[in-house]
Amino acid sequence: MQMSGLPCESSHSSSDVLFTPQVKDELVPKIHQEFDNLDDVHKFYNNYAKESGFGTRSSSSRKNREDVIIRKEFCCSKEGVGVELMTEQSSRCRGISRRGCAAKIAVVKRGEKYVVTQFVESHNHPLTSPRRVHLLRSHRKVSGAKKALAESLSAVNIPSCQQMSLFEMQSGGAEHVGFLQQDLYNVERDRRKSIAGHDADMLYEYFQMEKEKNISFTFAVERDDEGRMTHCFWADATARKSYQYFGDVVVFDTTYNTNRYSLIFAPILGVNHHRQTTLFGRAFLSDETTESFEWLFKVWLKAMPADPPRMIITDQDPAMTKAIARTMPTTHHRFCIWHITNKFSEKISVLSYKEHYEEFKHWIWNSEAPAEFEWGWQQVVERANLSGNEWLNNLFKIRERWVPVYMKHIFSAHMASSQRAESTHAFFKKYVSPNNTLFDFVTRFERAISRIRHNELDMDHKDVNESPRLKTMYPMEKAMSELYTHEIFYQFQEELFQNVAYKVTTTNEDERHCVYTVHRIKGSGSRARELVVDKSSSYVRCSCKMFESNGIPCRHMLAYFTRNQMEDLPNEYILRRWTKSAKAMRAKDDLGTGMNEICDISLLERRFKLFQLASNAIDEAIGTEDRTRYMEEVLTTAQTNLLHMKAASEDVDRSAIRSLSSVRDHISQEINLKEPLQVRAKGCGKRLKGGKEKATKKPRRCTGCGLTGQSHDKRNCPKLSNAYVFEFTLIS
């Protein structure tokens, strides 16, 4: 029995009941109907299926000796018979969709055309309603533009569920999106499969393409004897230019859990004229040995268009320390003071920490001379009875590397720790994840870098278009507001504003120098500073060393200048790297050519531009029926013309793709770079322990008194209890 009528769903599933779609006649395939190619056949039949309420798939085909398809069938998605019994090997509980439906279309190649020779219209199953037809697999497709948008959203760690919400909002509902959320997952799965085994090659190819776009881009890749990538470094033109302007002080620290191979990520950072973080280069390392750091620093210094930095700030890593000493012997290596001071609570007992840590901090930060620090340190150590503490003794031996008083004469751009690197790592990890491939990481990281660089551009814009508010009528303040960037000027302004509270007194004078004492007029607790003026050059030095370390004149020097009625700050006290014109010079690379930055328009940017244009036009059109009809006609005509343009360019695109694929295959064959092995670095988590080590119990240590092998802990420590009782007695 054959039933005809509108597409409907029925509870009957007998093969004797047939369902014939009722659609417009021009959508129904006809015997002897001709098509130019198989894509047109599939598109026509799939469109008919969507209007009818069923899905399609490709079926059998036949080729001639020239490997040309001469017969092709497209059938209903329910054609064939599914397996009804679940096997033990099945890992997914999927329903049975095959029902032995015979609906299909067959075409045969005659000359240059494909002609319909067979068309079976009826189905042995109910047809899908219009509300559900978008759920059928053949009517779901993630377009290239939406793939690009989804990839960009993933690059900023927006999950697929939120991406789907965006597509639904843009399309006017889930039924108009054209695909399901699972399709987004499948796109990502297919992309990962295509990259598997070629990740290192793709990264190398990406670097080569960047090098072709801009000759100032530089990179280096190290491989082991098996051809696996071990180390990688890259820097673009902007990073190299930034080093030319702001490479006097560098912060270096490594971070972990940024890629699926657990390679150690090592960005090389600095600070720009707005006191913002800037990037000088980035690298992947497979380990943290001296040799690896040495390789990185040599490659990095070779790529930079200026001399080694005056100061580099790192943590107390021994391998890093050796590598810096070998590759940058003239650079002062400073240890991060934040890491050191944070360890006091771990390295000394709780009681000693509670009673003496503030004293340690006082001498560390407030010492004016090395001798003053050394005397104060020894006094605190003796009072705390910590003379035998090995960690403190080792710290004292390397005091020139971390105590500020020993480095005040070296410019440090107001940095004493690597916390800038720590905060930058946290920012970068908003864009990357431990599941990223190397290629994914690099592309996502570049987005994070563009955000940082845009912040710098925003500050440059404000410096040009805004003027800071002045506090005084000093001509020097007005002049420096035009020279310094806003961030630096406000620091200078505070020093200038405070100088009126200080008195300058002559204390000593000879043929070569004149010595002044600068002290606060009112208020206690302010330390007197000493100014030394060279009579031959009129150069002023202050004992606080603020200008030498931070590059900004201190209030004591400004008090001297005010006393001498100097309206302009002398040029020798104006550091160019803090001015608005810090980037005015043109950076040169090692070939002597100017460095350029090239930006190309991506598919996603073109989509955004057209989407905004179309949205504005639609907003204007929906006001009246006439404008709406006109808009529909324009869009229909444009869509038809675009389809013709696409068909005309398909042959050219295919040949270009084949050519590009052959070029990439050739590059891959030349590179033949294997993916790196999984790395286990010191910062990736807890160390794996062997069976004997797990079985051996460590002696119990009390963190209160610091003794090992005792039966008590911090909660019932006799020493702490006695201290608390004594303290309570004093209070009472």
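This is a predicted model: local features need pLDDT of at least 70, side-chain atom pairs count only at pLDDT 80 or more; totals for chains, interfaces and linings use all residues.
Student: How do α11 and α12 pack, at what angle and how far apart are their axes?
Tutor: Helix α11 covers residues 350–366 and helix α12 covers 370–383. Their angle is about 170°, and the axes lie 9 Å apart.

Student: So roughly parallel or roughly antiparallel?
Tutor: Roughly antiparallel. The cut-off for that is over 145 degrees.

Student: Which residues make the contact?
Tutor: From α11, H356, E359, F360, W363, I364 and N366. From α12, E372, F373, W375, G376, W377, V380, V381 and R383.

Student: And by class, how many nonpolar, polar and charged?
Tutor: Eight nonpolar, three polar and three charged residues.

Student: Switching to α8. Which of its residues are buried?
Tutor: Helix α8 runs over residues 318–327. A319, M320, T321, A323, I324 and T327 are its buried residues.

Student: What covers them?
Tutor: The cover includes the helix α7 (290–303). It also includes strands β10 (249–252), β14 (311–314) and β15 (332–335).

Student: What caps the N-terminal end of α8?
Tutor: D317 does. One of its side-chain oxygens is 3.1 Å from the backbone nitrogen of A319. A319 is also among the buried residues of α8.

Student: New topic: P475. Where is it found?
Tutor: In helix α16, residues 475–483.

Student: How accessible is P475?
Tutor: P475 is partly exposed, at 42% relative accessible area.

Student: How far is P475 from E567, in sequence and in space?
Tutor: They are 92 residues apart in sequence. In space, P475 and E567 are 5.6 Å apart, C-alpha to C-alpha.

Definitions and conventions:
Residues are numbered from 1 along each chain as its sequence is written. Side-chain values use heavy atoms; hydrogens and water are left out. Axes are lines fitted to C-alpha atoms, for helices over the stretch in contact, and angles run from 0 to 180 degrees between N-to-C directions. Helices (H or I, at least four residues) and strands (E, at least two) are DSSP runs, numbered from the N terminus. Angles under 35 degrees count as roughly parallel, over 145 as roughly antiparallel, 65 to 115 as roughly perpendicular and the rest as oblique. Contact means heavy atoms within 4.5 Å. Ala, Val, Leu, Ile, Met, Phe, Trp, Tyr, Cys and Pro count as nonpolar, Asp, Glu, Lys and Arg as charged, and the others, Gly among them, as polar. Buried means under 20% relative accessible area, exposed over 50%, partly exposed in between (1.4 Å probe, protein chains only). A polar contact is a pair of N or O atoms within 3.5 Å; within protein, one must be able to donate a hydrogen and the other to accept it, and residues adjacent in sequence count only if both atoms are side-chain atoms.
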